[in-house]
Amino acid sequence: NDKNSNDMAVLLRHTENIGVANTYQKVIENMNTKPLEISGDDAALLIIDPQRSFTRGVWMKSIGLKAELEVKPIRFAFEKCSQFLDDHISFVETMFTRCPFPPGSYGWDDAFAGIIDAGQPYFIKPGNSVLFPHTNGFREWVEALMDNGKKILVMAGCTLNSCIRKSSIDTRKYFKESMLQIVVDLSLSGARAGSYMPSTLYGGLSAVESAVREMTDAGVEVAQCVKWK
């Protein structure tokens, strides 16, 4: 429902910086992102890197003293993805990516216990883009989707301003001639809390707003939330 699209803004109010929540809410309003209705017959879902590293492992620990606060939006996004899969996995074709983190950080995030098993297929993604390496099988999977009548690929997971941004834009460019629609679901995507704050690195925008603008400019549709039917 529409409430889900604002859940991230509500969560961000509890990261000890009210400006983070206000800034994110303004991004939603200023970018005119809206809920998008999609049929499970027409689309598939790719969840980017739902791994322990980002919430409890080496990536999180590299942040430092404020790590617990910084990863709250990512944990929340993973919980929302897990809830979505629990409710929709029977009729929404879903795949995943993973970064090559060390043991203890490589596994699926705890939120997916009982939902993603050890035998779940995935695409290895050493960098920010799901298109590399060329041999990871992602291109072939997307081509098979289109052969089976899928017209839309929805992306979610983490992080919104890095891997989701890069993967969505690169996929849009690579499959542009095929008219494949790329959608990013904000309600299932997360980034570090600090990435929702304005920064001089992005001309006064937050890293998240800058990413949303870049994706939109590249032809990616950024949705407040996706409603599957």
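Student: Against which elements do the buried residues of α7 pack?

Tutor: This is a predicted model, in which local features need pLDDT of at least 70, side-chain atom pairs count only at pLDDT 80 or more, and totals for chains, interfaces and linings use all residues. Residues are numbered from 1 along each chain as its sequence is written, and side-chain values use heavy atoms, with hydrogens and water left out. Helices (H or I, at least four residues) and strands (E, at least two) are DSSP runs, numbered from the N terminus. With contact meaning heavy atoms within 4.5 Å, the buried residues of α7 pack against β2, β3, β4 (123-124), β5 and α8 (160-174).

Student: Which residues of helix α7 are buried, and why do they line one face of the helix?

Tutor: Buried means under 20% relative accessible area, exposed over 50%, and partly exposed in between (1.4 Å probe, protein chains only). In α7 (residues 138-147) the buried residues are F138, R139, W141, V142 and L145. Seen down the axis of α7, they line one face because they fall within an arc of 165°, taken from the directions from the helix axis to the C-beta atoms.

Student: Which residue of strand β5 stands opposite L46?

Tutor: Strand β2 (residues 43-48) has six of its six residues buried; L46 points the same way from β2 as A44 and I48, while A43, L45 and I47 point the other way. Two strands pair if DSSP finds at least two bridges between them, and six bridges join β2 to the parallel strand β5 (residues 152-158). In β5, the residue opposite L46 is M155.

Student: How far from D185 is the nearest side chain of opposite charge?

Tutor: D185 lies in strand β6 (residues 181-190). Lys and Arg count as positive and Asp and Glu as negative, with His and the chain ends not counted. A salt bridge is a side-chain nitrogen of Lys or Arg within 4 Å of a carboxyl oxygen of Asp or Glu. D185 is buried yet has no salt bridge, and the nearest side chain of opposite charge, K80, is away by 9.3 Å.

Student: How many residues apart are R56 and D109?

Tutor: R56 forms a salt bridge with D109, the closest N and O atoms being 3.2 Å apart. The pair links distant parts of the chain, with R56 in the loop between β2 and α4 (58-61) and D109 in the loop between β3 and β4; their separation in residues is 53.
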